[in-house]
Amino acid sequence: MGLSTSWNAFRCPKAKDLVDEISALGFQEIELSFNLTAGIVEDIAKIIQKQKIKIVSLHNYCPIPEGLPPKEALPDCYSLASIHEEERKIAVQYSKRTIDTASRLAAKVVVLHAGRVEMPDATRDLIALYLKRGKDTKDFQERKSVFLKERENRARPFFENALRSLEELGRYAQEKRVKLGIENRVYYREIPSFEEVAIILKKLSGAQINYWHDTGHAHIMENLGIIRQKEYLDAYSQDMCGIHIHNVVACHDHRAPQSGEIDFSGLPNYLNKDTLKIIEAHYPAGAEELKEGKKFLEVLLDGKL
């Protein structure tokens, strides 16, 4: 069971403080998140050599691309699906850098966002309507229908470019003996949709391309009436290399595992000992919440760890 540095990276500018805080919670595995500078990554690498803690996964882009402050270096700052070839190539270049870093640190997986369909994203509008009146109102259903149809109509060139990028990255990752985990997304314009996951896995089978499940993202999609979490797990658990575990209240995600409305009781059916299990809680989740969440998951997943 690991913890993502997304929990404390913004609060701990020094690598030692970041690692010590995670280690003090009892975690021996960590995922390096996408908001770390090259200097901090190198400092973390030196520190963990002296401790009983290891890096098991990295979240693209890690380290952050040069010239970008951490708060702007989001996983989609450069889109792997961009129809602008210069941007797409930059996205591939920095993704390869993450793969290189993962290989050097003996991490098993790089978690990837596969880009986006360039269009206005109505996901936040749907969330606002959901929080105000629920998903069964006429205005919510009409807005959702228009949004999903627009994405479907616009997606093709972006998805084709995402496949080009992932094919190249898959070959590169294979050389470096690193797996790529394509993460399900919470903003619906982003790639992949539920159906696109299947296409990626089929077209790029044999490469180092796998599925990475995010419980919070899937639950928000379920709350919005787009796709159920169980459908993701039923369809793709055989191809799943890892999972981000966090909880949700309404459509507010990245809560500690026990601080929300997700029922995790069926989760052990979809995991095995080789599945990387990363708690991806964000601040203000507290240390005690994470300790309790870790204990809860260890009991729940007994035999799967």
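Contact here means heavy atoms within 4.5 Å. By that criterion, and leaving aside neighbours within four places in sequence, isoleucine 243 is in contact with Trp212, His213, Thr215, Leu267, Leu271, Thr275, Leu276, Lys277 and Ile278. The model is predicted: local features need pLDDT of at least 70 and side-chain atom pairs count only at pLDDT 80 or more, while totals for chains, interfaces and linings use all residues. Residues are numbered from 1 along each chain as its sequence is written, and side-chain values use heavy atoms, with hydrogens and water left out.

**The barrel**

Helices (H or I, at least four residues) and strands (E, at least two) are DSSP runs, numbered from the N terminus. Two strands pair if DSSP finds at least two bridges between them. In this model 8 strands close into a barrel with parallel pairing, in the order S1-S2-S3-S4-S5-S6-S7-S10. From one strand to the next, the twist averages 30 degrees. Strands of a sheet pair through backbone hydrogen bonds, either parallel or antiparallel.

| Strands | Bridges | Sense | Facing residues |
|---|---|---|---|
| S1 (residues 2–4) and S10 | 2 bridges | parallel | Leu3 and Ile279 |
| S7 (residues 240–245) and S10 | 4 bridges | parallel | Ile243 and Lys277 |

Strand S10 covers residues 276–279; Leu276 and Ile278 point one way from it, Lys277 and Ile279 the other way, and all are buried. Buried means under 20% relative accessible area, exposed over 50%, and partly exposed in between (1.4 Å probe, protein chains only).

**Two buried positions**

Isoleucine 243 lies in strand S7. Isoleucine 243 counts as buried because its relative accessibility is 0%. Serine 193 sits in the loop between S5 and H6. With a relative accessible area of 6%, serine 193 is therefore also buried. Apart from neighbours within four places in sequence, serine 193 is in contact with Arg151, Tyr188 and Tyr232. Isoleucine 243 and serine 193 are 50 residues apart along the chain, and their C-alpha atoms are separated by 17 Å.

**Helix packing**

Axes are lines fitted to C-alpha atoms, for helices over the stretch in contact, and angles run from 0 to 180 degrees between N-to-C directions. Helix H6 (residues 194–203) lies across S5 and strand S6 (209–214), running at about 155 degrees to S6. Helix H4 (residues 123–133) packs against H5 at an angle of about 165 degrees, with the axes 10 Å apart. H4 is therefore roughly antiparallel to H5 (angles over 145 degrees count as roughly antiparallel, under 35 as roughly parallel, 65 to 115 as roughly perpendicular and the rest as oblique). From H4, Thr123, Asp125, Leu126, Leu129, Tyr130 and Arg133 meet Asp139, Phe140, Arg143, Lys144 and Phe147 of H5.

**Nonpolar cores**

A nonpolar core is a set of buried Ala, Val, Leu, Ile, Met, Phe, Trp, Tyr and Cys residues joined through side-chain atoms within 4.5 Å. The largest such core has 95 residues, of which Leu32, Leu36, Ile44, Ile55 and Leu224 touch the most other members. Helix H5 (residues 138–176) supplies the largest share of this core, 11 residues. A second, separate core of 7 residues includes Val109, Trp212, Leu276 and Ile278. Not counting residues up to four places away in sequence, isoleucine 44 touches Ala15, Leu18, Val19, Ile30, Leu32, Leu36 and Ile55.
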